[in-house]
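Here are my notes on the model you sent over. Have a look at the structure first, then read on.

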Amino acid sequence: MHYENRNPPEGINTSDHSPVREFLRLSLSALVVLIAVGIFLNFSGSLLGGLLPFKAELWITERVDRIMQQAEQESPFADPVGQGSDSASVDPLEQYLQSMTDKVVAALELPEPIVITLHYRDDDVFNAYATLGGHVYLFKGLLKHLPNENALAMLMAHEYSHVGQRHPASSIGGGITMAAGSSLLLGAAAFENRFFSIASALASTRFSRSMETDADEAALAAVNSIYGHVNGADDLFELFTGIRDDNQLDFLDSFFSTHPLDDNRIQRIEEQAAANGWLATGAITPLPAQFLQWLN
Amino acid sequence: MTFNLISFAVLLLIGFGFGQASERRHYRSIKKREEQLAGLAAIASKHPPVDRQYQQYLVCGNVVVASDYFKSFLASLVNILGGRVKSFESLLDRGRREALLRLKEQALQQQATAVFNVKYETVRVGGRVTTIEVLAYGTALVPQSN
């Protein structure tokens, strides 16, 4: 008997395909699918998160605080402004920030169960943010650049509006469902997760930007209520523009940024003021003379 | 974000460029050696010829072939959308053919005239980028001189 191996014809066990065309077809299809799933997960998670009672937020933050203290770790919810010291020795900066908070909270007319707990952080970070349980953080790195009290009021009102509109719970709810969904859908594989993170950033930016816009609108109304005009409120966004220009934030970072572009925000403020008949001019209230000394 | 996107694109480009070049080079080598070794038959049959006495040896050909970042990324997209993983077909094809060639080289060194009962085993090894090991093994028949 004669045995032989004939050389196999090419193209039977492999497909003749263009890798680049395959890449484009698969990438676009997957991007569409993942963005659609991401939007659905984010939307449903945000909706569920927003339904969480504020008391539940307080319970979560108190519990985290207690666990951190028991573990002798530094709790993010510890050391709020105006607490932990006797009233005679309260820091003048904290006194001032608390009095501004009282004014802004009153102007925002936050619903009953919602309380704001302000934290001042002596870090040179250009940031301020609100999180669960009404905890709001202001950093020295941002406060030291503020040009006047109106901009500070706008900043505080913006962050407190996030709390009032339950944005932290919605945002965290959306984040949790996105993370859970991506784990279920894709497992822990590195490739898909990198791809999914790009797709989910595209899917979630819109929600975050709409939250920022809502917070801006409520904040501007509060500033108008406190000062009788909205002059100085846009100084906050002009400050952001200046800092961004200094740091040369590139196009992609701007695109993926959760905050609307500063120029758009200034324009929207002007439109909102005009639509409501609010005065765009008026006396700017300076910050206390010792404000920078207090910060330092 | 920009850094992530750029590093992702660079990894894809490197994977595509080097992966395609390496695959073409490997196929050229495979085809050349297949022609050289065409005279030695490697058969799946379990029934060797009975025309004469043969000494029998186990011969193996083993190869580990790595995919590239581009191919693995394409495969991960197919995992989401379903369909044929075309990017891995050539990887497995190369692995099987290379393993068989190595088996034949080992058989020739033992003056075998044929290899019977040839089988393949394939396993995935390594971590992030798909890497496969293909083992071809069979029984080499070496005619007894008596």
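**Notes on chain B**

1. Chain B has an average pLDDT of 91, with 99% of the residues at 70 or above; pLDDT is the predictor's confidence in each residue, from 0 to 100. For the complex, the predictor reports an ipTM of 0.75 and a pTM of 0.67.

2. Some housekeeping: this is a predicted model, where local features need pLDDT of at least 70, side-chain atom pairs count only at pLDDT 80 or more, and totals for chains, interfaces and linings use all residues. Residues are numbered from 1 along each chain as its sequence is written, while chains are lettered from A and ligands numbered from 1 in the order in which they are written.

3. Chain B holds three helices and four strands, in the order α-β-β-α-α-β-β from the N terminus. These are DSSP runs numbered from the N terminus (helices: H or I, at least four residues; strands: E, at least two).

4. Which elements of chain B have the lowest and the highest mean pLDDT? The lowest is α2(B), at 87, and the highest is strand β4 (residues 131–143), at 96.

5. Helix α2 of chain B covers residues 69–81, and its end C-alpha atoms are 19 Å apart. Just after α2(B), B:Gly82 has a positive phi of about 85 degrees.

6. Buried residues in α2(B) include B:Tyr69, B:Phe70, B:Phe73, B:Leu74 and B:Leu77. Buried here requires 20 or more other C-beta atoms within 10 Å of the residue's own, with C-beta atoms placed from the backbone. Of the 146 residues of chain B, 29% are buried.

Methods:
The expected span of a helix is 1.5 Å times one less than its number of residues. A residue is buried if 20 or more other C-beta atoms lie within 10 Å of its own, exposed if 12 or fewer, and partly exposed in between; C-beta atoms are placed from the backbone.
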